[in-house]
There are 2 protein chains.
Amino acid sequence: MIDFVLDKRSPVPFYRQIADQVLAGVSRGAIAPGDRLPTIREMAVNLEVNPNTVVKAYSYLEMMGVLDTQQGSGVYVRRGAASGALSETERRRMLGDLCRDFVGRAQTLGFDLAEVVERLEQMRG
Amino acid sequence: MIDFVLDKRSPVPFYRQIADQVLAGVSRGAIAPGDRLPTIREMAVNLEVNPNTVVKAYSYLEMMGVLDTQQGSGVYVRRGAASGALSETERRRMLGDLCRDFVGRAQTLGFDLAEVVERLEQMRG
DNA sequence: ACAAGTGTACTATAGTCATAGCACAATGAT
DNA sequence: ATCATTGTGCTATGACTATAGTACACTTGT
């Protein structure tokens, strides 16, 4: 199973960060339809958040039709969720959020956007 | 004076977006030390936010030592706020850390570095 | 049947962000 | 001196996020 990670300094709420990582995982095939996700309590312990926060993330994904929860058993990736897990629009939204967050932090530290982009270009090798 | 803009869909709070733009402006010389910023009420009207939100942004910047407010007169950029307190080495290290962190998060969400850079280029408008 | 593990549901508390509205104090132009 | 403009300070409200704790119901393996 994927390594889930939280950025506690990000303004993006935890439940959203969790949901985004599940979506991304399903979208690129790292999590397959039918797979069982970590239990609510397990995920909560690993990420050091309240179980309710994980519940919120999972519920959100169930509303989107990506997950299927079976009481007493676990939370599973819905069959047929693979292809449509992330529409192009949602992907763009996620990327937008990510970049805005990043640029905001960079500017707070006094970096110009051009300077940042240049640095990233270097990282491409 | 700079064109201040808010992204209302961003998870970054308004007061922080305002503060970031002031910081960036001062940092790159678009706002000079001694310059008078837009008044609280004026800024609030332009950005369509509550005056209290602008107050919060300005107060935040005053705590950082960037601004100097004079009751009844206006809010000014502090003399000596321009020259950064960071050495070039420290700046480069901070930028490196920031970028590595960012790239890691982007990859967690399944984005390719090239794709991310392209998106950032767009944000330069 | 039982026990352990799982999801469900609820209440209460707290912090942050933003809005709304009001009264007060200092400045600057006239 | 007066008045419009500016910043200051306060209270209250609402939405959202997250935490804490509890009780309950279903599933699975034994």
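Me: Which residues lie nearest the centre of the largest pocket?
Reply: This is a predicted model. In it, A:Val103, A:Gln107, A:Leu113, B:Gln21 and B:Met123 lie nearest the centre of the largest pocket. The lining has 27 residues.

Me: And how much space lies in the largest pocket?
Reply: About 740 Å³.

Me: Which helices each supply at least two residues of the lining?
Reply: From chain A, helix 5 (88–108) and helix 6 (113–123). From chain B, helix 1 (14–27) and helix 5 (113–123).

Me: Where does the largest share come from?
Reply: Helix 1 of chain B, with five residues of the lining.

Me: How many of the lining residues are nonpolar, polar and charged?
Reply: The lining has 10 nonpolar residues, seven polar and 10 charged.

Me: Changing topic to helix 5 of chain B. Which residues are buried there?
Reply: B:Leu113, B:Val116, B:Val117 and B:Leu120 are buried.

Me: What do the buried residues pack against?
Reply: Helix 5 and helix 6 of chain A, together with helix 4 (88–108) of chain B.

Me: Which exposed residues are on the face turned away?
Reply: B:Glu118 and B:Gln122.

Me: Last one. What does B:Asp112 reach at the start of that helix?
Reply: A side-chain oxygen of B:Asp112 comes to within 3.2 Å of the backbone nitrogen of B:Ala114.

Notes:
Residues are numbered from 1 along each chain as its sequence is written. Chains are lettered from A and ligands numbered from 1 in the order in which they are written. This is a predicted model: local features need pLDDT of at least 70, side-chain atom pairs count only at pLDDT 80 or more; totals for chains, interfaces and linings use all residues. Side-chain values use heavy atoms; hydrogens and water are left out. On a 1 Å grid over the protein atoms alone, a cavity is a set of points where a 1.4 Å probe fits but cannot get out, and a pocket is an open set with protein on both sides within 12 Å along at least five of seven lines; lining residues have an atom within 4 Å of a point. Grid points are joined across faces, edges and corners, and a volume is the space filled by probe spheres set on the points. Helices (H or I, at least four residues) and strands (E, at least two) are DSSP runs, numbered from the N terminus. Ala, Val, Leu, Ile, Met, Phe, Trp, Tyr, Cys and Pro count as nonpolar, Asp, Glu, Lys and Arg as charged, and the others, Gly among them, as polar. Buried means under 20% relative accessible area, exposed over 50%, partly exposed in between (1.4 Å probe, protein chains only). Contact means heavy atoms within 4.5 Å. A polar contact is a pair of N or O atoms within 3.5 Å; within protein, one must be able to donate a hydrogen and the other to accept it, and residues adjacent in sequence count only if both atoms are side-chain atoms.
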